[in-house]
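The exercises below ask you to examine how the chains of one model touch one another. Work through each task with the structure at hand before reading its solution.

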Amino acid sequence: MEQINPTRMELIKKNAQIRLAEQGRDLLREKMDALIQEFFNVMESVSQSRGELERISDAAQHALLIALAIDDPVTLKSASFATRRGITLDIKGKNVMGVPVPIIEKKRFVKSLLERGYSILGVSGRIDEAAEKYEAELDLIITLAETETSLRRLGNEIQMTRRRVNALEQVLIPELKRQAKYIEITIDERDREDLYRLKKVKKIIERKKKAAEIM
Amino acid sequence: MEYAYVNARIKAMKSRLLDRTLLEQLINKPDIDSIITELEKTTYREELDRAGVLFSGINRIEVAIRNDLVKKFRTILNLIKGGESEQLISIILQRWDIQNIKTILRGKNIQENPSEILECLIPAGELDEAALTELVKQPDIKAVIDLLATWGIVYARPLALNFKEFTDTGDMVVLEYALDTFYYEDAISGVKAAESEDARILMKMIITEIDINNIKTVLRAIRDRIDVEEAKRYFINGSPDFHAGKLISMMKTGTIEGALKQLEKSPYEFITKIPKEYIAAEKISAFEKELEQYLIKKAISQFMGDPLSIAIPIAYIWAKYSEVTNIRVIARSIFMEVPEKELREALISV
Amino acid sequence: MLQKMVKIQVLGPKKDLHNVLDLLYARGTVHIEDASVPTAPGEISLKRMTAEQVGDIAIAHSKIGGILLTLPKSVYDEKAVAYSYSNLQAISHEDLLVKANSVINELETATKALAKEKSELELALINLGRYEKIIEKIRPLETSMPKLEGFEVTVLLIQKEFKDIIDIIRNTLTEITKRQFELLSAELDENTIAAVTIFNKRYSDQVHSYFFSQNVNEVRLPPEYLGKPFNEIFALIEKKKDQSTGEISKLNAELGKISSKWYIELTALHRILGERTDELSIFSKIGQTEYTFVLAGWIPKKSLRETRDALIDTFAGRVIVNELILTPDEMAEAPTFYDNPRFVKPFEFLMRVVSPAKSTEFDPSPVMAIFLPLFFGIMVGDMGYGLIILVFALIMKWKFADRDWLQHLMNILIIGAIWTIFFGWLYGEILGDMGEHMGWIEPQTLFGVSWNRIDAMVPFLILSVAIGVFHVILGLVLGIVNSYTEMSCKRHVDKAKKHICEKTGMIIVIIGLILVIAGMVLALPAALVTTGAILVIVAIPLIFIGGGAFGMFEIMGTVSNILSYSRIMAIGMASVILAAVANKLGGMMEVALVGVIIAVLLHTLNLVLAMFSPFLHSLRLHLVEFDSKFYEGGGKMYKPFKKENGEKPT
Amino acid sequence: MVDFGIPIGAGIAFGLGALATGIAQSKIGAAGAGTIAEKPEMFGLMIILVAIPETLVILGFVVASMIMIMLV
């Protein structure tokens, strides 16, 4: 504070700074509102998908259990040999209010009966159903991966923006205001001092004048 | 062939299958260990002891019942060694050969570790453990087929015929489908050639099986909206009632209900009575369960058939199969803590 | 007779459970059932008890079982096993487990490794046989091929319907190898053609990749045989086979060595661990709440009081014994407890072998105890044979004092022998007609008939059928009694009523038929014949109501059942005639010694037949003709919770 | 002339009964062997079952003896 130059020039500067900070804060607030709105949008779809995922993974697990129980686990393993292959995903990005979010190329993993790589004559419908449910689960997991990443990124951004707003609001702007006030007070003080001094000088001069008249 | 001796032995073996009350006891067991204790009191003891050396818990049960199944089927094959009845019984057991060869080919296709493949094989057919071990050791699919040809095993034929298409398209389905159709065609021609009362009994079973497979294929194809022309490839020929024409007309209805409607007044009418919600949900496994149940019941009812014919071994094979399946269902369900109601639904009721 | 059973529930504080079980075990009166299953709908099911050590013991038991399975059975010495067993019996649970585990540690890995090696060799052997088959087929082809250095031989298998491909292959090979190849083909079996090609190794890769894409299969051999001429491979395979067989027998010897050292101890351990598991498994039948246990079981009514008093005295009233009041339906679940006087025991044994009675039905063993030896006696009926059989049975009893089943059978034979002697006196037979010839004995005369069996054939037949009539009617009456008791059981009421109807009808039909037949043969007054006919006519609707159309067939069945009793006469006749033949043949011989030998041989044969056949047929008359009128069987045996003594591994 | 009718008739009655018993017992015996191979504890029951068709030969014997005794 000591290094602040309590000059009128400085005060004008500070006031300009305050205005700027307040403007920035308002802007950030707006951005945050927008982000929050987007966040809630995504969130809704995530929670929906999560529920869906839970449901579908339960169903998948049940189908798998039935398949395991009725068609020996080794038959299942054998079927899995036929269907085993890797998955490649194309991931692109997009910008939401300056936040980069991933976009996963939509590829359906749910395969048709004839695409699973085994002859349908030797594999029971139970195994098909288990496979199908897990494929659907995979589909959902990947969609969820996309939306959840967006969600996390948006969340981070919101937090950061809020921190910025807070920093502006709680720290920077009050500080600047305090400084402006200080400058103002100091300038006022100085003004008063000057006035007093002037009055004092005036008094002395007048007294000297009086003395000169008397003498 | 002396059926009196063989069938008496098989009937004695049948009497040692687990009965309803024992299954009921198993269902009431709290955990896998107590199921093992209970099974140890049955004929599964030996295989449980054997499996217990390497496995524990649910795996021990599964390995033991699988090995017991294999052992019992081998016993039957050895009992009826020689003559026509052996050929006929082999036809039934060959389904395990087909499954095993498929597994080996699938495994080789993804370069799976031989020991992993070997674990998935069930040597209940004509190819014994020795043959399967050697097949699994082969480096690639072609070598597997070559070895089958070298040993003069019939499955080399359909595989060799379709190998070129497989190398061109890289689609394993070609080979698997070739094996499946070959199995049924070979079974039908083998049975037809026999022309005996035994053959007639077996033929009925095979036709039922083909029908059931075809009906399943139709329902699955309708459900997955597969084109009629495409689905036609997967029909198995040989059934007098459910020939390709009938199946195509079932497919052309385009809906499960429509297809089911055409089953009315056939022996398979029972699946039209399946709960509506399953039909609406197009839940194939529900239909499949009913159909399989029908097949198994029909097979097991052969115990009532001619006591001096192949009916008894056929019935036993299926009764054993369903017993093993039921034990597995119970063990798995208790292992995964499935509610009793669902467990009971999954059981094959005999 | 069967003992009346009552179902009890024993309740008490958990801390007393072990002592209660010890007490019950010592008493050995309670047949324990699963208490955790609710007996009535709506009742809560109780949690089951679990014993702490049951897992460890069961694991050790099955591990030892696994080891035993891999070992060849060495000299099995029951005495040594029993000795080792009784030694092990003395050790406590914990020590037994320690001992079992140390044995397992010592043997498990070694036996597993040996068994694995052995099974691998065996599998390899089977496959060698498979390879050999094809090589044998191709061998003649190869001999006609030139042998060239730097050239490779490949054998192709071609499906017959593609035999045209051979020409294509020939053309392509010409192109690839620039004519440096040779190709020969020949039929292998009805479906396949074998083609042998030989080509320069330089082109190996190209040729093979060409084959790879065609509808042909190459003959595959294990890598170690590649590139060798077939004759050589053949020899190699033979050698390998011998080698493997040798190794297998070596492994077998090794396993045998382990077996001879350990087999007895392992068997004893396996047995005792099995028993302990069973014993502990009783825990899983006991229900529990937080502080109390509940144990359910059946107990013979006569031992209820004693057991209850013992429990109450020992635990000062802390343990309660409830007698459950059961509906007849529930009573039907009771286990069967035979409790017969001593002389019926052997017959009880027979019934148990066939199918134990249900607890609610009439136990046929006492009836059998009366009639079976009687039939035997009527059939054999010879004082000489009777005496010999008696002596034989006594000797067998004395010699094999430790075999339960033999004791039972011999007891039956003894009773039968006494009847045999009696009827021998009646028939005047000692070793067939020898007694009469020698003037030792005369056939007795009864009801105006001299009971010389050969002469009195018709009276004998009538007697046999009369016995049959009596026996079958007795069976039917018992059937009615059984059905009457069953009527208290709700779910069986209808069935029981029908049975009563059918059986009453059947009795009336039999009486009616007898009246008709007897009336016609003996020219009895017409009134009796008419009564008989009326009886038959009245009874038929009864049978129809009871048994439906099938019941009508039953009439035929019953009549032939009665006629079946004629075997009593027929077998007796056969026996007496054979004896007479023996005497006659013996007498005809010039040399007395030869005659005696022949007579003795034939009598011995007859005696063996006489012991076997009449016994079997009396039994058959009971099981088939008599029991089928009332007996159902299929009960579960009363197995009290106690140490099974003399239990042998099956 | 000796009347062969009666002994021949008796012979047929007995012989056919015995033959039938033989046929039946061969099947039952084979089945019995099969059962005992699996369940040795069934031995006793099997012996009885094998004896069941003996009714035929026994009835044959009865008829034959009746023919011989009553008609001669």
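**Exercise 1.** Determine how much area chain C and chain B bury between them, and which residues of chain C lose the most area to chain B.

*Solution.* Step one is the total: in this predicted model, chain C and chain B bury about 3,000 Å² between them, and 54% of that area lies on carbon and sulfur atoms. Step two looks at the side of chain C, where C:R130, C:F212 and C:R220 lose the most area to chain B, together making up 20% of what that side buries. Step three turns to the residues in contact, of which chain C provides 32 and chain B provides 33.

**Exercise 2.** Find the salt bridges and polar contacts between chain C and chain B, and describe the side of chain C that touches chain B.

*Solution.* Begin with the charged pairs: two salt bridges are found across this interface, and in a salt bridge between B:D146 and C:R220 the side chains meet at 3.0 Å, N to O. C:R220 is also among the residues of chain C that lose the most area to chain B. Next come the polar contacts, which join ten residue pairs, both residues being at pLDDT 80 or more. The elements of chain C that give two or more residues to this side are α2 (54-70), α4 (93-143), β4 (151-159), α6 (204-213), β7 (217-218) and α7 (230-281), and the largest share, eight residues, comes from α4(C). By class, the side of chain C that touches chain B has twelve nonpolar, 13 polar and seven charged residues.

**Exercise 3.** Carry out the analysis for chain B and chain A, giving the buried area, the salt bridges and the classes of residue on the side of chain B.

*Solution.* First, the contact takes 42 residues from chain B and 33 residues from chain A, while the area buried between these chains is about 3,400 Å², with 56% of it on carbon and sulfur atoms. In chain B, the residues that lose the most area to chain A are B:R106, B:C120 and B:R220, together 18% of what that side buries. Second, nine salt bridges are counted between chain B and chain A; in a salt bridge at 3.1 Å, N to O, the side chains of B:E292 and A:R126 meet. Third, 21 residue pairs are in polar contact, both residues at pLDDT 80 or more. Helices of chain B that each supply at least two residues to this side include α6 (84-109), α12 (197-223) and α17 (284-300). Finally, the residues on the side of chain B that touches chain A divide into 16 nonpolar, seven polar and 19 charged.

Technical notes
Residues numbered from 1 in each chain as written. Chains lettered and ligands numbered in written order. Predicted model: local features only at pLDDT ≥ 70, side-chain atom pairs only at ≥ 80, totals over all residues. Heavy atoms only, no water. Contact = heavy atoms within 4.5 Å. Buried area = accessible area lost by both parts, 1.4 Å probe. Salt bridge = Lys/Arg side-chain N within 4 Å of Asp/Glu carboxyl O. Polar contact = N/O pair within 3.5 Å; in protein donor to acceptor, adjacent residues only side chain to side chain. Helix = DSSP H or I, 4+ residues; strand = E, 2+ residues; numbered from the N terminus. Nonpolar A, V, L, I, M, F, W, Y, C, P; charged D, E, K, R; others polar.
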